[in-house]
Amino acid sequence: MKLVFAGTPEVAVPALDALIASDRHEVAAVVTRPDAPAGRGRRLVASPVAERAEESGIEVLKPARPRDEDFLARLREIAPDCCPVVAYGALLPKTALEVPAHGWVNLHFSLLPAWRGAAPVQHAVMAGDEVTGASTFLIEEGLDSGPVYGVLTEEVRPTDTSGDLLTRLAFAGAGLLVATMDGIEDGTLHALPQPADGITLAPKINVEDAQVQWSAPALRVDRVVRGCTPAPGAWTLFRGERLKLIQAVPVLDRTDLAPGELSVAKNNVYVGTGSHAIELLWVQPQGKKPMRAADWARGVRIVAGELVGI
């Protein structure tokens, strides 16, 4: 089939690579978000998908909005058979959805209908799911509600951050997306409606959501830290400034600390929660680089009984 691929961040690149490498399909163009400011200089930078497409000599379309008539006109000229999508980042209007004969097919990183929305992997980790996966589905005007072509499952490991899990799903999902394109092209694959039961929502995780509540059980704190790593980054307050929590582990045999209470040993930093303690391994003070928690604690000279979160 002739394809127009839609995607923006690094997580979409494995799927684009897999489609380019396929000997059954032609990636005629790529749709991605416009260049965005990045880095300290805030200069405009092309998306990872745009960079990969340009390296491969593929036409790149960067509409400010997918409803823009210039973009729709070019899409109609290309006349794709299907438009595979991975983390494009903009809502597609009906006028765009109607262009390809086989529609727009999204690779979504959950087992639909679970975790519909922008942050399925983060929510799966934060909810303590033991198994998640990826789904390919036909995009409709509703939120991730279209019929499903195929799924794969992936174990959520006890130490997984959302970044770890998303990386594995991006590569496994790339194969699922190519297989879905193959099945659509040869007529052997047909989408099935999602079940009415089991719908959960996964809205974007914002900075406020990533603030650790020390009155929660240690397992909940652990899930928030892992689910918000690398973005937006779990955090707490220490002496009125933000302290990002990069890596922490529950300590099941320590229950003597009040929620938020710090305890420092030679090479260990513990914090009390609503159940047992957690040990901070890596942190990032405001305006500084990531560092080992023990080095941070030595530098700030924590007083006995001092608290985080206030």
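Helices, of type H or I with at least four residues, and strands, of type E with at least two, are DSSP runs numbered from the N terminus. The close-up views below are of a predicted model.

**View 1. The largest pocket and the elements that line it.** The largest pocket has a volume of about 1,200 Å³, and 38 residues form its lining, of which A87, G89, G117, A118 and A119 lie nearest the centre. Strand β7 (104-108) and the helices α5 (120-126) and α6 each supply at least two residues of this lining. Sorted by class, the lining residues of the largest pocket comprise 24 nonpolar, 10 polar and 4 charged ones.

**View 2. The buried residues of helix α1 and what covers them.** Helix α1 spans residues 13-21, and within this helix V13, P14, A15, L16 and L19 are buried. An α-helix has 3.6 residues a turn, so residues three or four places apart point the same way. The cover over the buried residues of α1 includes the strands β1 (2-7), β2 (26-31) and β6 (83-86), together with the helices α2 (48-55) and α6 (162-186).

View 3. The side chains of D17 and R52 meet in a salt bridge, with a distance of 2.5 Å from N to O. Because D17 belongs to helix α1 and R52 to helix α2, the pair ties together parts that are 35 residues apart in sequence. D17 is partly exposed, with a relative accessible area of 30%, and R52, at 26% relative accessibility, also counts as partly exposed.

**View 4. The salt bridge of E54 and K62.** Here the side chains of E54 and K62 meet in a salt bridge, at 4.0 Å from N to O. E54 counts as partly exposed at 45% relative accessibility, while K62 is partly exposed with a relative accessible area of 27%.

**View 5. The salt bridge of R254 and D256.** The side chains of R254 and D256 meet in a salt bridge, for which the N to O distance is 2.7 Å. D256 has a relative accessibility of 53% and counts as exposed, since the cut-off for that class is over 50%.

**View 6. A network of salt bridges.** This view shows R24, D182, E185 and D186, which are linked to one another in a network of salt bridges. The structure as a whole holds 17 salt bridges, among them the pairs D17 and R52, E54 and K62, and R254 and D256.

Definitions and conventions: Residues are numbered from 1 along each chain as its sequence is written. This is a predicted model: local features need pLDDT of at least 70, side-chain atom pairs count only at pLDDT 80 or more; totals for chains, interfaces and linings use all residues. Side-chain values use heavy atoms; hydrogens and water are left out. Buried means under 20% relative accessible area, exposed over 50%, partly exposed in between (1.4 Å probe, protein chains only). Contact means heavy atoms within 4.5 Å. On a 1 Å grid over the protein atoms alone, a cavity is a set of points where a 1.4 Å probe fits but cannot get out, and a pocket is an open set with protein on both sides within 12 Å along at least five of seven lines; lining residues have an atom within 4 Å of a point. Grid points are joined across faces, edges and corners, and a volume is the space filled by probe spheres set on the points. Ala, Val, Leu, Ile, Met, Phe, Trp, Tyr, Cys and Pro count as nonpolar, Asp, Glu, Lys and Arg as charged, and the others, Gly among them, as polar.
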